[in-house]
Number of protein chains: 2
Amino acid sequence: MAEKEYTVAILGATGAVGTRLISQLAVSQIPVKQIRLLASARSAGKQLSFKGQSVTVEEATPDSFAGVDLVLASAGGSVSKQLLPAAVAAGAVCIDNTSYWRMNDHVPLVVPEVNAAALANHHGIIANPNCSTIQMVVALEPIRQQFGLHQVIVSTYQAASGAGQSALNELLAEAKAYVNDQPMDAQILPVRGGDNHYPLAFNLLPQIDVFEDDGYTHEEWKMIHETKKIMMNDKNAALPKVTATCVRVPVPISHGETVYFETDQHPTPAELRSVLAKAPGVVVQDDPSHQLYPQPLNATGKRDTFIGRIRADEENPGAYHMWVVSDNLLKGAAWNAVQIGEELVKRDLIYVPAGSAALFQ
Amino acid sequence: MAEKEYTVAILGATGAVGTRLISQLAVSQIPVKQIRLLASARSAGKQLSFKGQSVTVEEATPDSFAGVDLVLASAGGSVSKQLLPAAVAAGAVCIDNTSYWRMNDHVPLVVPEVNAAALANHHGIIANPNCSTIQMVVALEPIRQQFGLHQVIVSTYQAASGAGQSALNELLAEAKAYVNDQPMDAQILPVRGGDNHYPLAFNLLPQIDVFEDDGYTHEEWKMIHETKKIMMNDKNAALPKVTATCVRVPVPISHGETVYFETDQHPTPAELRSVLAKAPGVVVQDDPSHQLYPQPLNATGKRDTFIGRIRADEENPGAYHMWVVSDNLLKGAAWNAVQIGEELVKRDLIYVPAGSAALFQ
């Protein structure tokens, strides 16, 4: 029997995540019959390369999905809201990088290392979690499985590219201005379209996404609630308490996180290291005697989640620190999405079950 | 009766903290009869300005302190180890910015807003705490006094200048290289004289100071143990548990900290804000609806500790987050030292009690 091949569309193909969706797809185990690159009208006509071939970017419309088997979407929440129901109606399975569909009860929220089994019940839309959530759950789930987990307190150090290519460009333009004694001109961060913009270069912005009524930002809300939805894979385990502070830092790519966590059992740091070293998608970099620990500059361009600074809180038995770094555009976005696609192929799940389209109207 | 006037020596006058000791002293309430600027032989002969007058830098030696009433020291731990006993023997009261004497039982460790009373028992050397510790205890002590405090978990976002002027210069040189597509040349950070050096520009370094055997860095150790020594001011209160992760970030000046804390009572965030707004040395900047929160670029050059992002952990009653930013070279170093000097003047404590010198031999 000939191997199945799929027509794959990339929605938002010209963005920071979109370009990486193309390159991750090119080296993936997804058999691609044809690729379609979709973006806004502004980008239509651009030429991008896929496996050495030039592909013309087309404008994304509700009619773009005829004959498409799989959509990898990263064009913003409003585009996913508008276009993914049309894609599902046309029979395409969608893996969405935006936050729009993540908490929908009909949408599995998947990190393959943690809850690939949730894919079995998909209805045409599968959501990729928030970048800062993905790397944290990759690090926490092996610990939770082995030792139990009841509390997580995370502080993030998030890269500019988490807000898109234009935010990354803004950081570099600001840095160039600063080192040349020119004024910095902030137009995008902390939140595109917000009332106030502040420089990120040589600064720290303790706001990612908009504020909720309770004083948390929506990014913090996502880390709390997405983590619980992903960890619901294991119906028998109690969900941990999770709380977060998210801070944007002047780094182009790769997020850092200090993760403080309390386990049910009380392993030694060596036992934690041993469990993490065997965990899928994890690389332990933890040797203080050789000053070895994860750094964004080293993690960028890699698919793994890097973990170091693992140590016990001596005053609080069963509590630990770790430092987690991963490329927010790869494991935090494009690679996780392509990895979901590979799982769908492996499980022969690239089809839209009957009746699915009505769920998203 | 004529006001007392003092001869003040600045030890390490040419460094990032030293130059700020000079400018903070110039605007302080310490009546200065004469100023002496001391530094290494390499800097001797340089001219610096104090209150508009040019002063020649002299080489610091054990004989430099004859006739000196007050020494403000920031020339490194080994210099303080060597020279401060000689200064005390010569009758000079020393306020030391280095870590060398901080945990000595005969040395008060003082943040004036928290434990100025500890000055009464000084023996000639008074220690200024670590920069990241100072701003945290300024923020925590009013909360502790009002509501009790039993647990603190802090993650720091520390500026390059915490490692001195040369580290700050290195960050800026690296940033200039990076934006011009040149390789970055790290020679100092994370730890001067260490085996490995890594770029800080556009990166994060989860190591500040050397590693202890338990996997904590010495910076983290300082935040834990100095906080407890400072909070010992109040003999009746139990000391909180404290744990920390310290990360160097590509910011020139002003440290950020995410501080998670558990109180004995369960105030509302509004009650916390109200207590902090009345606290000495604190400015509350906490209005999400106007995107108002502390930022290093805004805090730099100011003496206050800025606090925002105050909110409750809804899943853990009595636990809260706050975001604390302060200029590490001012409140974290030079201003705190000069402020101690003002307290000594006010309390008429600028003298070395008999028998003190023997304590430091």
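## A buried arginine and an exposed aspartate

A:Arg309 is found in strand β12 of chain A, and in this predicted model the residue has a positive phi of about 55° although it is not a glycine. With a relative accessibility of 2%, A:Arg309 counts as buried, because the term covers residues under 20% relative accessible area.

A positive phi is also found at A:Asp181, where the angle is near 55° in a residue other than glycine. A:Asp181 belongs to the loop between α5 and α6 of chain A, and at 71% relative accessibility A:Asp181 counts as exposed.

## Cis peptide bonds

The loop between α5 and α6 of chain A also holds A:Pro190, which is joined to A:Leu189 by a cis peptide bond with an omega of about 5°. In chain B, a cis peptide bond joins B:Leu189 and B:Pro190, with omega again about 5°, and B:Pro190 has its place in the loop between α5 (165-179) and α6 (218-231) of that chain.

## Where the two chains meet

The size of an interface is often given as the accessible area lost when the parts come together. Between chain A and chain B the buried area is about 5400 Å², and carbon and sulfur atoms give 58% of this area. In terms of residues, 64 of chain A are in contact with 64 of chain B.

Six salt bridges are counted between chain A and chain B; in a salt bridge between the two chains, the side chains of B:Glu220 and A:Arg311 meet at 3.5 Å, N to O. The count of residue pairs in polar contact between chain A and chain B, both at pLDDT 80 or more, is 44. On the side of chain A that touches chain B, the elements that give two or more residues include the helices α5 (165-179) and α6 (218-231) and the strands β12 (305-312) and β13 (319-326), while β9(A) gives the most, with seven residues. Sorted by class, this side of chain A has 34 nonpolar, 19 polar and 11 charged residues.

## Positions recorded as a binding site

An unreviewed UniProt entry places the feature "binding site" at ten listed positions of chain A, among them A:Thr14, A:Val17, A:Arg42, A:Ser161, A:Pro183 and A:Asn328. The recorded positions are spread over 315 residues of sequence, and they are also spread in space, with up to 30.7 Å between C-alpha atoms.

Not counting residues up to four places away in sequence, A:Thr14 touches A:Thr19, A:Ala39, A:Ser43, A:Lys46, A:Leu48 and A:Val57. A:Val17, by contrast, lies in helix α1 of chain A and counts as buried at 14% relative accessibility; leaving aside its neighbours within four places in sequence, A:Val17 is in contact with A:Ser74, A:Asn97, A:Leu329, A:Ala333 and A:Ala334.

## The segment after α9

A:Arg347 has its place in the segment after α9 (330-346) of chain A, and at 37% relative accessibility A:Arg347 counts as partly exposed. Leaving aside neighbours within four places in sequence, A:Arg347 is in contact with A:Ala116 and A:Ala117. The C-alpha atoms of A:Arg347 and A:Gln146, residues that are 201 apart along the chain, are separated by 26 Å.

Definitions and conventions
Residues are numbered from 1 along each chain as its sequence is written. Chains are lettered from A and ligands numbered from 1 in the order in which they are written. This is a predicted model: local features need pLDDT of at least 70, side-chain atom pairs count only at pLDDT 80 or more; totals for chains, interfaces and linings use all residues. Side-chain values use heavy atoms; hydrogens and water are left out. Contact means heavy atoms within 4.5 Å. Buried area is the accessible area (1.4 Å probe) that two parts lose on being put together, summed over both. A salt bridge is a side-chain nitrogen of Lys or Arg within 4 Å of a carboxyl oxygen of Asp or Glu. A polar contact is a pair of N or O atoms within 3.5 Å; within protein, one must be able to donate a hydrogen and the other to accept it, and residues adjacent in sequence count only if both atoms are side-chain atoms. Helices (H or I, at least four residues) and strands (E, at least two) are DSSP runs, numbered from the N terminus. Ala, Val, Leu, Ile, Met, Phe, Trp, Tyr, Cys and Pro count as nonpolar, Asp, Glu, Lys and Arg as charged, and the others, Gly among them, as polar. UniProt positions are given in the numbering used here, feature names are shortened, and annotations may be inferred rather than shown by experiment. Buried means under 20% relative accessible area, exposed over 50%, partly exposed in between (1.4 Å probe, protein chains only).
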